[in-house]
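Q: Could you take me through one part of this model in detail? I'd like to know what surrounds that part, and then what ties the neighbouring parts together.

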Amino acid sequence: MTDDEWVSYELTVDGKPHQVTARWDESLLTVLRERLGVRGPKLGCAHGRCGACTVTLALDGESALTCSCLLPAAAAAGADVSTVASLAAGDGALSDVQDAFLEAGAVQCGYCTAGMVQSATGLLERNPDPTRDDVVAALYGNLCRCTGYGRIVEAVLATAARRRNR
């Protein structure tokens, strides 16, 4: 491997800055998991179809859910990356979305849960009063092979209802 295949850049992950040196073509998921030890996002399909690797990427005032398996990490240089770990409170208390997933039994093996929770959180930030169809559409890119989607959709709708009643 030659020196020109390596690049250095900064990423902020879950609020903590990191200086990264990695091959230019390593995916954001590889850098998160293998270089930075961030275990929330998972490798599922490696084709951006299952959503297990979903993170929120913020750069230049814009943020979006991103399949971290598809994005070269160097392309995210200078970005803020938020994983499921950033959703919990400082004292470790789960977010309301995470709590709702537990209460609804919307987790089984848990492999897809981080991506599901990221997508659900993103939906509720954009649309605090989603319909069932909105939730289904928002979770379209997230696959679950264990629980089915009924309990997951119910968890998202329950979170929205609780937020409205605060």
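A: Happy to! Let's take helix α3, whose buried residues pack against strands β3, β4 and β5 (80–82) and against helices α2 (96–104), α4 (132–138) and α5 (150–164). Contact here stands for heavy atoms within 4.5 Å, and buried for under 20% relative accessible area, with exposed over 50% and partly exposed in between (1.4 Å probe, protein chains only). The elements are DSSP runs numbered from the N terminus: helices are H or I with at least four residues, strands E with at least two.

A word on the ground rules. This is a predicted model, in which local features need pLDDT of at least 70 and side-chain atom pairs count only at pLDDT 80 or more, while totals for chains, interfaces and linings use all residues. Residues are numbered from 1 along each chain as its sequence is written, and side-chain values use heavy atoms, with hydrogens and water left out.

Now to the helix. α3 covers residues 113–126. Its 14 residues should span 20 Å at 1.5 Å a residue, and this agrees with the 20 Å between its end C-alpha atoms; the expected span is 1.5 Å times one less than the number of residues. Most of α3 is covered, with twelve of the 14 residues buried. These are Thr113, Ala114, Gly115, Met116, Val117, Gln118, Ser119, Ala120, Thr121, Gly122, Leu123 and Leu124.

Setting aside neighbours within four places in sequence, Ala114 is in contact with Gly40 and Val84. Its C-alpha atom lies 9.1 Å from that of Gln98, which is 16 residues away along the chain.

On the α3 side the contact is made by Met116, Ala120, Leu123 and Leu124, and on the α5 side by Ile152, Val156, Thr159, Ala160 and Arg163. Sorted by class, the contact of α3 with α5 has seven nonpolar, one polar and one charged residues. In that sorting, Ala, Val, Leu, Ile, Met, Phe, Trp, Tyr, Cys and Pro are nonpolar, Asp, Glu, Lys and Arg are charged, and the others, Gly among them, are polar.

The side chain of Arg163 meets that of Asp96 in a salt bridge, with N to O at 2.7 Å. Arg163 sits in α5 and Asp96 in α2, so this pair ties together parts 67 residues apart in sequence. Arg163 is partly exposed, at a relative accessible area of 30%, and Asp96 is also partly exposed, at 22%. The term salt bridge asks for a side-chain nitrogen of Lys or Arg within 4 Å of a carboxyl oxygen of Asp or Glu, and by this rule the count comes to eight.

Another salt bridge joins the side chains of Glu103 and Arg162, at 2.5 Å from N to O. This pair links distant parts of the chain, with Glu103 in α2 and Arg162 in α5, 59 residues apart. Here Glu103 is exposed, with a relative accessible area of 55%, while Arg162 is partly exposed, at 43%.

Helix α5 is bridged to α4 too. Arg132 forms a salt bridge with Glu154, the closest N and O atoms being 2.2 Å apart. Because Arg132 lies in α4 and Glu154 in α5, the pair ties together parts 22 residues apart in sequence. Both ends are partly exposed: Arg132 has 41% relative accessibility and Glu154 has 37%. Elsewhere, salt bridges that share partners join Arg23, Asp25, Glu26 and Arg35 into one network.

One last stop is β3, also a packing partner of α3. Asp60, in the loop between β3 and β4 (62–67), has a positive phi of about 55° although it is not a glycine. Asp60 counts as exposed because its relative accessibility is 75%.
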